[in-house]
Amino acid sequence: MLKRTKIVENGLAGLRLWAGIGLALFILLISGTGSYGAVVLPSVIGNNMVLQRSAKVALWGKAKPNVRVVIITSWNKKRYTVQAGRDSTWKALVQTPRAGGPYEVSFNDGQLTTLHNILIGEVWVCSGQSNMEMPMQGFYNQPVLHSNDIIMAAANPEIRLIRYERALSRTPKFDCPSTGWVVSDGPSAKLFSAVGYQFAQMLQEKLKVPVGMIMSTWGGTMIEGWMPTESFSAFPEIKVRPASASDTTAMIKNEPSVLFNAMIQPFVGYGIKGVLWYQGEQNRVNPQIYDRLLTSMVSDWRALWKAGSWPFYYVQIAPYKYVDKLGPANLLREAQLKASHMIPNAGMVVSMDVGAKHFIHPPNKTLISKRLLYWALANDYGFKGIAYASPEFKSMQVDKETAHISFTHSPKGLSSFGQELTAFEMAGADHKFYPAAAKITGKGVDVHCDKVPEPVAVRYGFKDWAEGHLFSSEGLPVGPFRTDEWQNAEK
């Protein structure tokens with residue numbers, strides 16, 4: 001009798017279990033047809049973000065196909081309605097006010113999502129390879145100058161940072177792993193780009209408005225990886241692997257477009273003021289096309305952003321005694337200089353005076369950030385009287401055994417600030433270069449070499465490593481240059 005009772009009890013328990021499961025499935029089915037899951041947002045759109053001030057900025061995400069998404073911005077209580085497409089994606093443009101905050105933005109597709117602690121201010125992107133990636137805390141055995149003092153002063157709620165992790169993809173991605181937007185403090189600053197962070201810190205101090213910085217970097221990468229696939233139509237010598245679901249070939253970081261797809265595409269269209277770029281060492285293998293590659297990348301990024309020609313400021317690679325076989329640095333720097341005249345609304349920072357002979361990552365990132373800031377303040381924020389462009393070689397006139405060199409961007413002349421000018425070389429018709437003496441004059445520099453009685457060409461700092469001590473009177477360094485176009489330029 002006891003055994004039969006136990007069987008009955010077990011049978012009733014089983015029925016109750018199946019009834020419970022059925023009821024849960026029924027409730028889930030009903031809720032699935034009557035409401036919607038929360039919208040999915042990319043990490044660049046989140047709590048603590050900074051939105052570009054006084055602009056129409058894009059907000060986007062995913063929802064159920066054909067569902068209406070209502071967006072409300074707390075600064076003006078305005079309501080925006082957009083419908084998700086059949087592919088679940090949606091995008092809206094919202095108007096931002098002048099700088100301020102904190103604010104909130106809510107998204108409702110049947111389920112409410114609210115983002116908090118949002119500021120309105122200036123947003124910049126910093127990207128490139130290891131000299132941009134180098135964090136405030138430095139690399140192992142490679143320090144950043146004054147890093148501890150800068151990190152000590154990093155607690156600033158008016159600065160917000162987002163750092164993307166390394167990722168690769170042969171197809172454009174919706175999002176990329178990241179830190180999300182964080183409020184600047186010591187722990188977040190020490191892991192952030194030393195160049196990008198100090199630019200943000202100085203910019204915020206000058207403008208007294210919130211500043212957001214987006215970091216997307218990877219050391220040892222070529223520019224080809226950062227370019228969208230469409231960029232390579234003008235470069236038949238560069239082979240792009242077609243994206244295919246069946247392609248399981250391992251990706252490498254210097255494969256064309258794989259960095260752009262994974263690490264830039266996820267925030268393309270986000271409202272920004274401009275871009276800071278520090279890259280080039282890895283492209284010493286193909287300097288003959290680097291100027292066109294950089295020009296194409298900037299043009300295509302701007303086209304995808306659909307926000308006009310935002311400013312693009314970049315850093316010429318610093319002097320360093322390379323031990324690898326990639327190629328000479330002087331030709332790459334020359335290509336970077338050429339690009340500065342090809343790209344609209346662009347500016348190049350010269351770093352001839354901040355190199356480190358045996359460290360590819362110069363410790364003095366503060367000076368680089370400050371020179372990038374000069375470009376931004378003078379060109380984009382209306383600060384008058386600031387010198388920002390380095391002097392460039394203009395012309396050479398030969399008078400007997402002396403070459404007279406003149407320069408642009410030097411209205412108050414040049415100075416060595418007490419240093420000896422040791423980076424000049426001179427050659428005659430035999431193409432053999434010898435160290436040359438140089439003297440600053442009222443109009444430029446006079447160069448002379450006893451071994452070259454009939455000068456034909458002059459070079460300054462035109463090698464992998466050189467100590468450059470020639471500046472404008474405002475302290476901006478003259479970049480490396482040559483007056484010739486000879487084919488032995490790498491020697």
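Colleague: With which residues is R371 in contact, leaving aside its neighbours within four places in sequence?

Modeller: Contact means heavy atoms within 4.5 Å. Leaving aside those neighbours, R371 is in contact with V349, V350, S351, D353, F471, G475, L476 and P477. This is a predicted model, in which local features need pLDDT of at least 70, side-chain atom pairs count only at pLDDT 80 or more, and totals for chains, interfaces and linings use all residues. Residues are numbered from 1 along each chain as its sequence is written, and side-chain values use heavy atoms, with hydrogens and water left out.

Colleague: Is R371 buried or exposed?

Modeller: Buried means under 20% relative accessible area, exposed over 50%, partly exposed in between (1.4 Å probe, protein chains only). R371 is buried, at 5%. The side chain of R371 makes a polar contact with the side chain of D353 at 2.8 Å; such a contact is a pair of N or O atoms within 3.5 Å, where, within protein, one must be able to donate a hydrogen and the other to accept it, and residues adjacent in sequence count only if both atoms are side-chain atoms.

Colleague: How many residues has the largest nonpolar core?

Modeller: A nonpolar core is a set of buried Ala, Val, Leu, Ile, Met, Phe, Trp, Tyr and Cys residues joined through side-chain atoms within 4.5 Å. The largest has 97 residues, and I214, Y270 and L294 have the most contacts inside it. A second, separate core of 40 residues includes V349 and L373.
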